Amino acid sequence: MNQSEDIVALDTETTGFHANGGDRMVEIGAVKIRGNMETGETFHRYINPQGRKVDPGALAVHNLSDDFLKDKEPFRRIVDDFLKFVGGAKIVIHNAKFDMGFLNMEFERCNRPALKNEIIDSLTVAKKRYAGQRNTLDALCTRLGVDASGREYHGALIDSLLLARVWIKMTRLDQLQLPDTATEAETDAVVSAVLDMIPRKRRGSGLVVPATAVEILAHESFFGHKLFKGSDKPILWKAYE
């Protein structure tokens with residue numbers, strides 16, 4: 001992945017769960033990252049759903065009421081600002097099919113062409129990396145050490161920010177991952193090289209060896225992200241000599 005290119009993490013909130021059934025977007029948020037770092041650039045708007053009532057199930061998720069939304073601008077009034085923000089960036093969305101369904105319907109209502117940006121579904125990426133595990137945004141935040149404690153309700157801006165941080169963590173791990181064609185011997189050689197980077201000291205009792213940032217990433221890439229209970233720092237192993 002080109003580390004100088006712009007990537008936009010995006011999220012929406014909606015009146016309900018069926019874009020083809022008349023539900024509308026009520027909030028959109030986006031966070032720009034570049035070179036695997038947050039840029040501080042964000043886009044955020046609440047959107048008037050133009051007569052579509054918020055479903056009780058959706059209200060329980062995002063807490064955006066009909067009364068709150070009634071004086072907000074419709075999507076057609078913000079579409080140019082949105083397009084200017086995303087430009088030609090790749091767009092990362094968690095469960096992209098859902099959000100893109102709503103976005104494309106709004107573009108169609110505005111007589112605008114569908115987005116031509118490359119869309120990356122972070123849920124698909126996470127399912128490949130963490131097969132057999134829960135891969136909701138909440139679960140990924142917990143697994144990757146992204147603090148989501150300040151989020152009481154889902155919100156497009158806060159969720160896009162959390163997604164940006166999750167994506168940064170996942171792509172940093174990708175840089176250390178061997179290709180699928182790597183042989184067992186090649187994998188063992190890389191693991192041995194990483195382990196050899198860690199200094200060892202001979203002592204009579206158990207020695208806890210803290211890991212450096214590079215070592216943590218390498219460890220996560222091969223064995224998964226774990227913290228030892230009772231420790232505030234990731235540890236690669238306990239050496240007993």
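Leaving aside its neighbours within four places in sequence, which residues is I28 in contact with? Here are my notes, with that one taken up in point 3.

1. **What we are looking at.** This is a predicted model, in which local features need pLDDT of at least 70 and side-chain atom pairs count only at pLDDT 80 or more, while totals for chains, interfaces and linings use all residues. Residues are numbered from 1 along each chain as its sequence is written, and side-chain values use heavy atoms, with hydrogens and water left out.

2. **Confidence.** The chain has a mean pLDDT of 82, and 70% of its residues reach 70 or more; pLDDT is the predictor's confidence in each residue, from 0 to 100. Over residues 193–207 the pLDDT is below 50, and this stretch has 21 contacts in the model beyond near neighbours in sequence. Residues 224–241 also have a pLDDT below 50, with 31 such contacts. Contact means heavy atoms within 4.5 Å. Please keep in mind that where pLDDT is low, the predicted coordinates should not be read in detail.

3. **I28 and the largest core.** To come back to the opening question, I28 is in contact with L10, D11, T12, F43, H44, R45, I47, I78, F82, L103 and A156, once neighbours within four places in sequence are left aside. The largest nonpolar core has 24 residues, and I28, F75, F82 and L103 have the most contacts inside it. Such a core is a set of buried Ala, Val, Leu, Ile, Met, Phe, Trp, Tyr and Cys residues joined through side-chain atoms within 4.5 Å. Two or more residues each come from β1 (6–14), β2 (25–34), α3 (75–86), β4 (90–93) and α4 (96–109), with α3 giving the largest share, 6 residues. Another core, of 20 residues, lies apart from this one; among its members are I33, A164, W167 and M170.

4. **The chain as a whole.** There are 9 helices and 7 strands, taken as DSSP runs numbered from the N terminus: helices are H or I of at least four residues, strands E of at least two. Buried residues make up 41% of the 241 in the chain; buried means under 20% relative accessible area, exposed over 50%, and partly exposed in between (1.4 Å probe, protein chains only). Among contacts with a separation of 6 or more, 68% are between residues 24 or more positions apart.

5. V31 stands opposite T42 in β3. The hairpin has 2 residues between the strands, and G35 takes a positive phi near 60 degrees in it.

6. **M37, worth a look.** M37 is found in strand β3 and counts as exposed, at 56% relative accessibility. Its contacts, leaving aside neighbours within four places in sequence, are with K32 and I168. The C-alpha atoms of M37 and A164 are separated by 8.8 Å, although the two residues are 127 apart along the chain.

7. **Two positive phi values.** Most residues other than glycine have a negative phi. Q50, which is not a glycine, has a positive phi near 55 degrees; Q50 is found in the loop between β3 (37–46) and α1 (56–62) and is partly exposed, with a relative accessible area of 41%. N95 is not a glycine either, and has a positive phi of about 65 degrees. N95 is in the loop between β4 and α4, and at 35% relative accessibility N95 counts as partly exposed.

Notes. Two strands pair if DSSP finds at least two bridges between them.
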